[in-house]
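Please examine the structure shown below. The paragraphs that follow lead the reader through a pair of packed helices and a set of salt bridges.

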Amino acid sequence: MKAIWVIENVKKDNSFYDEFKLILLFASVTLWKRYHPNHTTVLYCDEMTEKYLSNLGVFKLWDHIRHLSYPEKINREQFWSSCKTKIISETTEPIVVVDHDFLIYTNIDKHLKDKVLYSYDELSYPWYPEKHDQWCAKLSNPVEIEVDLSANVSLFYLPDPKFANRYGKRTLKNHEEFTAMDFDNLNPNYMIFSEQLMLKQMLVLENIPHGTLTTNVFDNNERRFIEAINMYGIWDRENSALYYRHYGFDKRFKNKEDKKFETDYLYRCINSGKKIDIKLLKSKIHESSSRKLD
């Protein structure tokens, strides 16, 4: 199995490389490899990120590093996940795509079979654009809404390359068209409209077998899992917390103490892989941050 991470510096400056964001990525791949030692791990990144991470000496965390480049005319800052979608649109084999803020605490190989698998279902509204949003209606291939749910793809397993390519290409096309519309309230919610809400509709309308890690549905407005459940998830919300964590909204810390606690925890996760000198890594990250401030 190939597990991939994709990161693109959409800001095109060093402020993009926040310490917490970096070590969350490093912890993500470290834990994945710990519980899935036979998987091939791949990082796709743009040239600027490749140079930055090379200076930190962290490439040994992945089995392969691949250059990321794509020509689509997309507003990268608003549609920052397009880099991930580009890889999906071109895959020739089953892949599991892991977000940089997703941590795994168990082996899930037995669930990576013939079904599409993603993290959890989300309530679509009012977080996503409404069903009759004027800009969504202008897409050359408007999304047919069958269920008021979206598929959170912080973990995303795609067993069928043909479906992955078709889904990825359609998502990229939507992002290009939204970018060309250039309307005043263009925002990342239009990104997840294609990436997550459209995906759920495709799976349902085309009767494509799929499952989730968590049975409970997530309410973005309340920022928590609610009582509503599906019948195709693996764990309930309590057990899910034992087996994986998607930071998502949790990256918005209430105070410095919380952030320090999580930062220390992530360094311990990285250290568990025994591939990185943590003291040296901290020194290099802090040295890079100092240069950014100068």
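**Salt bridges and a helix pair**

At a relative accessibility of 22%, Arg-237 is classed as partly exposed. The model is a predicted one, and in it the side chain of Arg-237 forms a salt bridge with that of Glu-238, with an N to O distance of 3.3 Å. The whole structure contains 16 salt bridges.

Another of these joins Asp-250 to Arg-245, at 3.5 Å from N to O. Asp-250 is partly exposed, with a relative accessible area of 39%, and Arg-245 is likewise partly exposed, at 24%. Elsewhere, Glu-72, Lys-86 and Glu-90 belong to one network, joined by salt bridges that share partners.

A further salt bridge links Glu-47 and Lys-51, whose closest N and O atoms lie 3.7 Å apart. Both residues are in helix 2 (residues 47-56), and because they are four residues apart, about one helical turn separates them. Glu-47 is partly exposed at 48% relative accessibility, whereas Lys-51 is exposed at 53%.

The account now turns to the helix pair. Helix 4 (residues 161-181) packs with helix 5 (residues 188-205) at an angle of about 145°, the axes being 10 Å apart. Their crossing is right-handed. The residues of this contact comprise 10 nonpolar, four polar and three charged. Among those that meet are Phe-163, Asn-174 and His-175 of helix 4, and Tyr-190, Met-191 and Ser-194 of helix 5.

Notes
Residues are numbered from 1 along each chain as its sequence is written. This is a predicted model: local features need pLDDT of at least 70, side-chain atom pairs count only at pLDDT 80 or more; totals for chains, interfaces and linings use all residues. Side-chain values use heavy atoms; hydrogens and water are left out. Axes are lines fitted to C-alpha atoms, for helices over the stretch in contact, and angles run from 0 to 180 degrees between N-to-C directions. Helices (H or I, at least four residues) and strands (E, at least two) are DSSP runs, numbered from the N terminus. A crossing is left-handed if the near helix is turned anticlockwise from the far one by less than a right angle, and right-handed if clockwise. Contact means heavy atoms within 4.5 Å. Ala, Val, Leu, Ile, Met, Phe, Trp, Tyr, Cys and Pro count as nonpolar, Asp, Glu, Lys and Arg as charged, and the others, Gly among them, as polar. A salt bridge is a side-chain nitrogen of Lys or Arg within 4 Å of a carboxyl oxygen of Asp or Glu. Buried means under 20% relative accessible area, exposed over 50%, partly exposed in between (1.4 Å probe, protein chains only).
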